[in-house]
Amino acid sequence: MRAGTAYNRGGRQFRRSQRIVLRFFAVGDNVVVNRKTATLAGAVSVLSVKNLCRSFREGDREHRVLEHAEAEFAEGEVVAVIGRSGSGKSTLLNLISGIDRPDSGTVSIGSLDVTALTEPQLTVFRRKHIGFVYQFFNLVPTLDVEENVRLVLELNGVRGAAARERSTAMLQEVGLGDRLHSHVDTLSGGEQQRVAIARALVHRPPVLLADEPTGNLDEETAQQVLPVLLSLSRQRGATLILVTHDTALARTADRMLELRDGRLQEVAS
């Protein structure tokens with residue numbers, strides 16, 4: 001749509017201007033997203049982490065993983081989060097997605113405070129607005145390749161021919177158009193991760209979280225899979241947060257953050 005064009009969403013009229021931002025509001029147990037804000041001339045902040053704290057009990061000792069961590073993530077940006085093992089990188093992703101809850105602080109996507117959502121609302125929110133890529137793929141072994149990708153669409157209410165067309169098109173984009181009906185356990189590690197990337201992006205989420213996406217792949221395969229993840233997320237304007245131990249992989253991002261002593265710190269490129 002062009003700037004100034006009026007359009008309807010959910011029975012209400014909006015006018016598109018030179019500002020484009022994500023606004024969210026809850027309806028019952030559903031979370032509805034409405035795209036509306038952010039200055040085209042500057043970076044659009046889609047995701048905000050403020051004063052995030054999280055600790056865990058280890059016997060009689062309290063282990064503080066995140067200590068007032070803060071960061072802003074722009075629309076369409078690729079950000080690598082690095083840090084030693086146990087520094088809290090995966091915990092950070094779990095807090096962003098609402099899988100885990102912080103002791104204090106907030107995670108906001110658009111104008112929505114994710115930390116304030118109820119469990120049913122969080123389930124719907126994750127399903128619609130977050131894509132996940134895991135180190136160990138997490139594919140459903142009883143479903144074939146296309147069914148694994150289509151499942152995300154069906155959970156979001158897209159079914160039948162429309163769902164099959166979208167999942168097939170997505171798999172063609174990751175180079176697996178000839179493996180649609182293969183069992184996932186017959187695929188190589190690189191192919192399984194491509195299925196996982198297709199599954200993560202097929203519902204067009206604004207935020208994509210990747211936890212060590214090449215950690216279970218050999219170096220040659222990782223070099224084949226990584227460009228697929230980066231190019232497709234950028235094409236779709238998704239904000240990609242990439243947790244990794246791989247410095248070379250981290251350098252492919254637009255920006256690097258290091259999680260150290262519970263805080264996120266900018267790393268000079």
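Modeller: The discussion below takes up helix packing and then an aromatic pair. This is a predicted model, in which local features need pLDDT of at least 70 and side-chain atom pairs count only at pLDDT 80 or more, while totals for chains, interfaces and linings use all residues. Residues are numbered from 1 along each chain as its sequence is written, and side-chain values use heavy atoms, without hydrogens and water.

Biologist: How are two packed helices described?

Modeller: They are described by the angle between their axes and the distance between the axes. Here, the axes of helix 3 (residues 145-155) and helix 5 (residues 189-201) come within 8 Å and cross at roughly 25 degrees. Helix 3 is therefore roughly parallel to helix 5 (angles under 35 degrees count as roughly parallel, over 145 as roughly antiparallel, 65 to 115 as roughly perpendicular and the rest as oblique).

Biologist: Which residues of helix 3 meet helix 5?

Modeller: V145, N148, V149 and V152 in helix 3 contact V195, A198 and R199 in helix 5, where contact means heavy atoms within 4.5 Å.

Biologist: How do helix 3 and helix 4 cross?

Modeller: Their axes come within 9 Å and cross at roughly 120 degrees, helix 4 being residues 160-173. Helix 3 is thus oblique to helix 4.

Biologist: How many aromatic pairs does the structure hold?

Modeller: The structure holds 1 aromatic pair. The ring centres of F132 and Y134 are 5.8 Å apart and their planes lie at 5 degrees, so the pair is stacked (rings of Phe, Tyr and Trp, its six-membered ring, pair if their centres lie within 6.5 Å; planes under 30 degrees apart count as stacked, over 60 as edge-to-face and the rest as tilted).

Key
Axes are lines fitted to C-alpha atoms, for helices over the stretch in contact, and angles run from 0 to 180 degrees between N-to-C directions. Helices (H or I, at least four residues) and strands (E, at least two) are DSSP runs, numbered from the N terminus.
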